[in-house]
Amino acid sequence: SQTPVDSVFELVNETSVSATITGLLPNTTYYYRLSANNSAGSTNGSEFSFTTTTAPSKPAGSGTALSPYLLTNIDELVWLMSSDTTWDDVFALANDIDASGSADLEDGAGFSPVGNSAIPFSGQFNGRGNLITGLTINRDSENDIGFFGVVSNGVIDSLGLTAVDILGNSQVGSLAGMVTGNSTVEMCYSSGYVEGANDIGGLVGLLQGSSFLRDCYASNRVK
């Protein structure tokens, strides 16, 4: 059970109300209503509810070359996209991953790219010849869109992305929106659908700096 959060407001006009509640259980529905009180009396508002979600699962490993984070399912991909302090670490796919559930992430916006202009991905990611299937990103007003948003001085190797559905604005690709600095992308491929407004590619939207792609291909439909 949770301790009620009590707040007292004097209302003259409409106002917004917020409260922070800690210690909630995952996958649990909670119900609440607001109560307004003044010298004239009190009244209760309508009942509302919200449901908590499960915290992303942290993968096995420690993020080093000898013990990379081993990603095994979509929950661990969500952990990766949410853990920007690890974006300079070492990762590997332990097996193929069905990412079709990514379409429901973040209220339909889908997967949030790993790495951005403020905190690029600068680590190492070895797919070990495995696939991520059904990755969905629906962010038509955002730049640097792909499984990786921005890769700078990073290494991506032996990764396949199939049946992707990627929508962004500028720098849009299935594997990465932008690859820059002294980055290396090797033995990677993709298929599916990629759409954007500027700098769009089946695999990588924008490649610059001293970065290079080797032994890679894409069979995406690009719009």
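**Exercise 1.** Is R139 buried or exposed, by relative accessible area?

*Solution.* Start with the ground rules. This is a predicted model, where local features need pLDDT of at least 70 and side-chain atom pairs count only at pLDDT 80 or more, while totals for chains, interfaces and linings use all residues. Residues are numbered from 1 along each chain as its sequence is written, and side-chain values use heavy atoms, leaving out hydrogens and water. Next, the classes: buried is under 20% relative accessible area, exposed is over 50%, and partly exposed lies in between (1.4 Å probe, protein chains only). R139 has 7%, so R139 is buried.

**Exercise 2.** Trace the salt-bridge network that includes R139.

*Solution.* Apply the criterion: a side-chain nitrogen of Lys or Arg within 4 Å of a carboxyl oxygen of Asp or Glu. E106 pairs with R139, with closest N and O atoms 2.6 Å apart. This pair links distant parts of the chain, 33 residues apart. E106 sits in the loop between strand 7 (97-98) and strand 8 (124-133), and R139 in the loop between strand 9 (136-138) and strand 10 (148-152). Strands are DSSP runs (E, at least two residues), numbered from the N terminus. R139 also meets E142, at 3.4 Å, N to O. E106 is partly exposed at 45%; E142 is partly exposed at 33%.

**Exercise 3.** Which residue forms a salt bridge with E47?

*Solution.* The whole structure holds four salt bridges. E47 meets R33 at 3.8 Å, N to O. Both residues lie in loops, so the pair ties together parts that are 14 residues apart in sequence. R33 is partly exposed, at 43%.

Conventions:
Helices (H or I, at least four residues) and strands (E, at least two) are DSSP runs, numbered from the N terminus.
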